[in-house]
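Colleague: Could you take me through this model? I would like to begin with its surface and then turn to the fold.

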Amino acid sequence: MSGNGHSKSAINRAGDLLAGRTGGTPTPEEILAAYEVVDWYRASHTIPLTTANMGLRSVMKTEGCNTRRATQRLKRMNTIIDKLRRYPRMDLARMQDIAGARAVLESLDEVRRVQKRYMANSLQRNGKADKVKDYVTNPKDTGYRSIHLHTSYHQVRIEVQLRTPLQHEWAIMIEVATGITGIDLKSGLGPDELLDAYRHAAAGMALEEVGVTPDESFMAEFTRLTTRAQQWLIADRASQEGTSR
């Protein structure tokens with residue numbers, strides 16, 4: 001059982017049904033029942049997430065971080081279902097990031113210090129090490145950079161993200177672009193014209209973060225890529241307006 005509610009197999013079945021993996025056409029009653037199970041599972045993350053956020057704030061204070069603001073969020077229902085559709089082999093009960101806490105710290109040094117202490121605390125609490133996805137050392141193909149710690153509180157999975165201001169700025173930038181264009185650029189989907197420009201911008205921000213000024217060839221490539229991205233957006237808008245007439 002997961003908590004005092006549904007078993008993991010029941011949670012996975014409900015997620016499969018809402019993601020359209022079960023085949024056939026479910027009845028309205030089956031959809032409603034599945035929705036209630038997934039909604040319960042999502043809500044079961046609330047208290048552990050708040051505890052994780054408090055733990056993160058405590059670590060930031062202990063490390064003397066100047067910025068001690070940490071936020072938290074529960075994935076929306078439609079986002080959970082969309083993710084199950086994008087990753088058809090993923091079980092809902094194994095999804096790592098239904099609940100997430102995030103800190104934007106002043107520097108890479110602060111990120112690493114908070115990472116180290118948070119993981120030490122987790123090891124003491126859970127008796128096993130957190131799983132780390134180091135997207136600073138190994139950025140995603142999109143250019144995304146951050147540290148993701150997969151930990152648990154009260155046997156519930158929590159994802160903790162640690163970012164610098166520049167890493168956060170880039171992530172917000174591509175999230176806004178995703179919202180405006182309706183293209184899931186965050187997940188690396190979309191035309192190369194847009195993805196290449198964002199990837200190059202991320203590389204430039206990474207250089208800036210360690211005090212390196214991009215050279216002329218880097219900036220020339222950045223200008224070429226942003227111009228190409230703008231041309232694609234203009235052509236795409238013209239195409240959409242032509243279609244709607």
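**Surface and fold**

Modeller: Lys-8, Arg-94, Lys-128, Lys-131, Lys-133, Lys-140 and Arg-157 form a positive surface patch. The model is a predicted one, in which local features need pLDDT of at least 70, side-chain atom pairs count only at pLDDT 80 or more, and totals for chains, interfaces and linings use all residues. Residues are numbered from 1 along each chain as its sequence is written, and side-chain values use heavy atoms, with hydrogens and water left out.

Colleague: What are patches made of?

Modeller: Patches consist of residues with over 30% relative accessible area and no salt bridge; like charges are joined within 9 Å, and nonpolar side chains (Val, Leu, Ile, Met, Phe, Trp, Tyr) within 5 Å. A salt bridge is a side-chain nitrogen of Lys or Arg within 4 Å of a carboxyl oxygen of Asp or Glu.

Colleague: Where is Lys-133 found?

Modeller: Lys-133 belongs to strand 3 (residues 131–134); strands (E, at least two residues) and helices (H or I, at least four) are DSSP runs, numbered from the N terminus. Lys-133 has a relative accessible area of 31% and is therefore partly exposed, a class between buried (under 20%) and exposed (over 50%), with a 1.4 Å probe and protein chains only.

Colleague: Which residues make the nonpolar surface patch?

Modeller: Ile-172, Val-176 and Ile-180 make that patch, of about 290 Å²; accessible areas come from the Shrake-Rupley method with a 1.4 Å probe, and for residues only the protein chains shown count as cover. Ile-172 lies in helix 6 (residues 165–181).

Colleague: Why does Ile-172 count as partly exposed?

Modeller: Ile-172 falls in that class because its relative accessibility is 36%.

Colleague: Turning to the fold, how many helices and strands are there?

Modeller: The protein chain has 8 helices and 5 strands, in the order α-α-α-β-α-β-α-β-β-β-α-α-α from the N terminus. Of its 245 residues, 38% are buried.

Colleague: Which residues of helix 1 are buried?

Modeller: In helix 1 (residues 8–18), the buried residues are Ala-10, Ile-11, Asn-12, Ala-14, Gly-15, Leu-17 and Leu-18.

Colleague: What do they pack against?

Modeller: The buried residues of helix 1 pack against helix 2 (28–43) and helix 4 (77–86). Just after helix 1, Gly-20 has a positive phi of about 75°.

Colleague: Finally, what does the C-alpha trace span?

Modeller: Along its principal axes, the C-alpha trace of the protein chain spans about 60 × 55 × 25 Å.

How values were computed:
Lys and Arg count as positive and Asp and Glu as negative; His and the chain ends are not counted. The place of a charge is taken as NZ of Lys, CZ of Arg, CG of Asp or CD of Glu. Contact means heavy atoms within 4.5 Å.
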